Amino acid sequence: MSQKLPLLPNIDHLRLQAKTLLDRCCIGDLNALSQVCGHFPEFRVQGISEIASSVRLHHAQDVIASQYGFSRWSQMCET
């Protein structure tokens with residue numbers, strides 16, 4: 001389910017959400033890793049430690065964008 005992006009979104013807040021998601025992935029948080037795997041099927045064939053070490057900021061950013069109904073971070077930031 002998508003969240004609604006505020007009329008005047010705070011890009012710093014969105015960046016913090018992506019950074020927090022990345023940090024949670026790096027420590028092996030299963031919920032965070034599940035979010036990434038849900039958006040990037042190529043991670044589904046890897047083990048937890050492999051995913052945790054493979055996730056990059058751009059992956060987390062795209063996951064956050066998808067939560068707001070956008071396909072990519074760049075598309076969300078253009079609004």
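Which exposed residues does the face of H2 turned away from its buried side carry? That face carries Leu30 and Gly38, where exposed means over 50% relative accessible area, buried under 20% and partly exposed in between (1.4 Å probe, protein chains only).

## Basis of the model

This is a predicted model, in which local features need pLDDT of at least 70 and side-chain atom pairs count only at pLDDT 80 or more, while totals for chains, interfaces and linings use all residues. Residues are numbered from 1 along each chain as its sequence is written, and side-chain values use heavy atoms, with hydrogens and water left out.

The protein averages a pLDDT of 91, and 94% of the residues score at least 70; pLDDT is the predictor's confidence in each residue, from 0 to 100. Confidence is lowest in H5, at a mean of 90, and highest in H4, at 96. Helices (H or I, at least four residues) are DSSP runs, numbered from the N terminus.

Helix H2 spans residues 30-39, and its buried residues are Ala32, Leu33, Val36 and Cys37. They lie on the same side of H2 because they cover an arc of only 135 degrees around the axis, the arc being that of the directions from the helix axis to the C-beta atoms. What covers these buried residues includes helix H1 (11-26), helix H3 (48-54) and helix H4 (57-67).

At the start of H2, a side-chain oxygen of Asp29 comes to within 3.0 Å of the backbone nitrogen of Asn31.

## The nonpolar core

The largest nonpolar core has 23 residues, of which Leu21, Cys25, Val36, Phe43, Val55, Tyr68 and Met76 touch the most other members; such a core is a set of buried Ala, Val, Leu, Ile, Met, Phe, Trp, Tyr and Cys residues joined through side-chain atoms within 4.5 Å. Two or more residues of this core come from each of H1, H2, H3, H4 and helix H5 (73-77), and H1 gives the most, with five residues.

Leaving aside neighbours within four places in sequence, Leu21 is in contact (heavy atoms within 4.5 Å) with Ala32, Gln35, Ala60, Val63 and Ile64.

## Cysteines

The structure holds zero disulfides, a disulfide being a pair of cysteine sulfur atoms within 2.5 Å. For Cys25, the nearest cysteine sulfur is that of Cys26, 6.8 Å away, and Cys25 is buried, with a relative accessible area of 0%. For Cys37, the nearest cysteine sulfur is that of Cys25, 8.2 Å away, and Cys37 also counts as buried, at 14% relative accessibility.

Asp62 lies in helix H4 and is buried, with a relative accessible area of 4%. Not counting residues up to four places away in sequence, Asp62 touches His39, Phe40, Arg72 and Trp73. Ser66, which also lies in helix H4, counts as partly exposed at 25% relative accessibility; Ser66 and Gly38 are 28 residues apart in sequence and 10 Å apart in space, C-alpha to C-alpha.

Lys19, in helix H1, is partly exposed, with a relative accessible area of 40%. The side chain of Lys19 makes a polar contact with the side chain of Asp23, at 2.7 Å; a polar contact is a pair of N or O atoms within 3.5 Å, and within protein one must be able to donate a hydrogen and the other to accept it, with residues adjacent in sequence counting only if both atoms are side-chain atoms.
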